[in-house]
Amino acid sequence: MYVNDRIWPEAESFNDKGIGPIPSKWKGACERASDFNASSNCNRKVIGARFYVLDPKQAASKELTPRDSTGHGTHVASTAAGAVVPGASDMGLGSGTARGGAPSARIASYKVCYSGGCSSAGILKAIDDAINDGVDIISMSLGYSTPSSNSFLEDPLSIGAIHADQNSILPVLAAGNAGPTPSTVSHTAPWTFTALGINYSNLSRSAIYPFVIGKEAAINSSVVSIAEKCYSGSLDIKKISGSIVVCVDGGDPSRLDVVPLITSKGLIMFTGKTVLGSTSTFPSVQVNNIADYDILVNYFHSAANPTATIYPTVEVPKLYKPAPVVANFSSRGPGQFTENILKPDIMAPGMAILAAAMNTTKYVFMSGTSMACPHVSGAATFINAYDNTGKPIRNELNLVASPHEAGSGELNHMKALDPGLVFDTTTQDYFNFLCYYGYKEAKIKSVLKGANLFQCPINSKPELITDINYPSISIGNLKRQQSSPTVVKRTVTNVGASISTYTVRVNSPKGLVVKVNPDRIVFSNSLNKTSFEVSFDGKGAVSGYNFGDITWSDGLDHSVRVVYVVKITIVYNF
């Protein structure tokens, strides 16, 4: 298991009770630092810890250690592979037994991010070391806050990921937290597996405080609109000190006017989001409905001395179950560089995830696609333990899940143990993808190993990307006026009963004609791999994105679902 981040080795989730000797294939190391003892901080659970600083300006001297300084790395590592720990909670919330997706798996931490950022060279060096050290899964909770301008062979994470894939190591990456804006998803190469993705108070029940609306506490009249969002430099500390403040969510919590706000007694945030992206010990509550927000504003203006209190949080089970819903912060597809691959791939839990914390705090809630990524990594590790054939596991996960927001759907690791059919996306597919995208052979050969004898297919063009053997289908441009349907080919491998028959069911939106040929496939002892074609005719379809799926079923235990996205365009002749 490879985690991109730092680690707090003393966390109970990293104890090695009941774990056997370190595997003989392991070639990694635990590096020493002033606050990190290799012999005592590493064990049979945390078997590797490295850190990379290739630019002296990137990190302060105290950061030159594998140890966590933010809590991010510790949280994601324990989510992926934390040990079983009873009695975990965050201040009494979420009480229960904590465990990672693969609690018996080992963890190796490779620290590449610091206060000065994440070095591209450091990322590549860390991935190379992880490959040579002998990891099985590479989990990278690294995304872009805005779409990257670097395409596939310019992006260090993409380059490192394809090197990992070429070494039979599954790279799992976070989709990013730039949602809900479309085309913000990070890591859209077909060789990356891209994953998407509470608030409580310690005020007493009887405490009542003055109540103020943010825009009414502006430091002067010129910043009222900013003060409404409680942004930096806008609030008059004298007006909010000791009060409960109402703010309107401006979408950027880093801009909040922290200095005056910490003198207040609590925060009421009006937001269009269904849930907050993180937790905090600062007393706060969220209002989602505009009518409720109007009540607060009207009360403030009508009462002579408006007051408020925020009651302690209590868990209310079974009355409200928002999952599975794509979190507001999760970056969305389609991909920035091509719409002929569906991204993201899958969704996994990423909201209010309870996992290990650093320092004396034992467990804490965090939210983000960084939290979804290790759920997928842990599930992949779990599946890998049952699969000793050496075949890829990406497609088994992808098939069982439910397009631009959720990919192929929600992770179900138990069904992925017995998927029935898989789509093997090969290195040749990836080489062809790069040619179809527009890269020259010389560029591909300079970056990727094993490409020396490779030649780009004749007449390579972006539309052909749709034909690489991916477990979903995305057509970025289907012209309504085109004379013939667009035909996409897929090849499936039977990993279930050797003698089996699958029939197909098509689910398509009104006007989009989708046909599968053949509509019945038969496997035998001598035939475990076959191909089928899917044709898409958009003459009667509405313009824009059309979503649907095709499902192959053996009538017993296996339903193999292939999600598709088709963008219908209209060409006007003037």
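**View 1. An open sheet of five strands runs in the order 19-26-25-21-23, with mixed pairing.** Strand 19 and strand 23 (520-523) sit at the edges with a single partner strand each, so one side of each has no neighbour in the sheet. From one strand to the next, the twist averages 25°. Strands here are DSSP runs of E with at least two residues, while helices are runs of H or I with at least four residues, both numbered from the N terminus. Two strands count as paired if DSSP finds at least two bridges between them.

A word on the model before we zoom in: this is a predicted model, in which local features need pLDDT of at least 70 and side-chain atom pairs count only at pLDDT 80 or more, whereas totals for chains, interfaces and linings use all residues. Residues are numbered from 1 along each chain as its sequence is written, and side-chain values use heavy atoms, with hydrogens and water left out.

**View 2. Strand 21 (residues 500-507) and strand 25 (residues 544-553) pair in the antiparallel sense.** Five bridges hold the pairing. To find your place along it, look for Asn507, which stands opposite Asp549 in strand 25.

View 3. The side chain of Ser474 reaches the backbone oxygen of Glu339 at 2.5 Å. That counts as a polar contact, a pair of N or O atoms within 3.5 Å; within protein, one atom must be able to donate a hydrogen and the other to accept it, and residues adjacent in sequence count only if both atoms are side-chain atoms. Leaving aside residues up to four places away in sequence, Ser474 touches Glu339, Asn340, Ile341, Leu342, Thr466 and Val565. Contact here means heavy atoms within 4.5 Å.

**View 4. Cys113 and Cys118 are joined by a disulfide.** Their sulfur atoms lie 2.0 Å apart, and a disulfide is defined as a pair of cysteine sulfur atoms within 2.5 Å. The link is right-handed, with 110° about the S-S bond. Cys113 is buried at a relative accessible area of 6%, whereas Cys118 is partly exposed at 39%. A search of the whole structure finds four disulfides. Counting bonded cysteines along the chain, their pattern is 1-2, 3-4, 5-6, 7-8.

**View 5. A left-handed disulfide connects Cys230 and Cys247.** The sulfur atoms of Cys230 and Cys247 are 1.9 Å apart. The torsion about their S-S bond is about -90°, so this disulfide is left-handed. Cys230 lies in the loop between helix 5 (224-228) and helix 6 (237-240), and Cys247 lies in strand 12 (residues 244-248), so the pair ties together parts 17 residues apart in sequence. Both cysteines, Cys230 and Cys247, are buried.

**View 6. Cys435 and Cys456 form a disulfide between distant parts of the chain.** The S to S distance for Cys435 and Cys456 is 2.0 Å. With a torsion of about -75° about the S-S bond, the disulfide is left-handed. Cys435 is in helix 11 (residues 427-437), and Cys456, 21 residues apart from it, is in the loop between helix 12 (441-447) and strand 19. Is each end buried or partly exposed? Cys435 is buried at 4% relative accessibility, while Cys456 is partly exposed at 21%.

**View 7. Helix 3 (residues 120-133) packs against helix 4 (residues 156-166).** Their axes come within 9 Å and cross at roughly 10°; axes are lines fitted to C-alpha atoms, for helices over the stretch in contact, and angles run from 0 to 180 degrees between N-to-C directions. The two helices are therefore roughly parallel to each other, a label for angles under 35 degrees, with over 145 called roughly antiparallel, 65 to 115 roughly perpendicular and the rest oblique. Residues of helix 3 at the meeting point include Ile123, Leu124 and Ile127, and those of helix 4 include Leu157, Gly160 and Ala164.

**View 8. Helix 4 is largely enclosed by the rest of the structure.** Eleven of the eleven residues of helix 4 are buried, among them Pro156, His163 and Gln166. Asp155 caps the N-terminal end of the helix, with a side-chain oxygen 3.1 Å from the backbone nitrogen of Leu157. Just after helix 4, Ser168 takes a positive phi of about 60°.

Notes. Buried means under 20% relative accessible area, exposed over 50%, partly exposed in between (1.4 Å probe, protein chains only).
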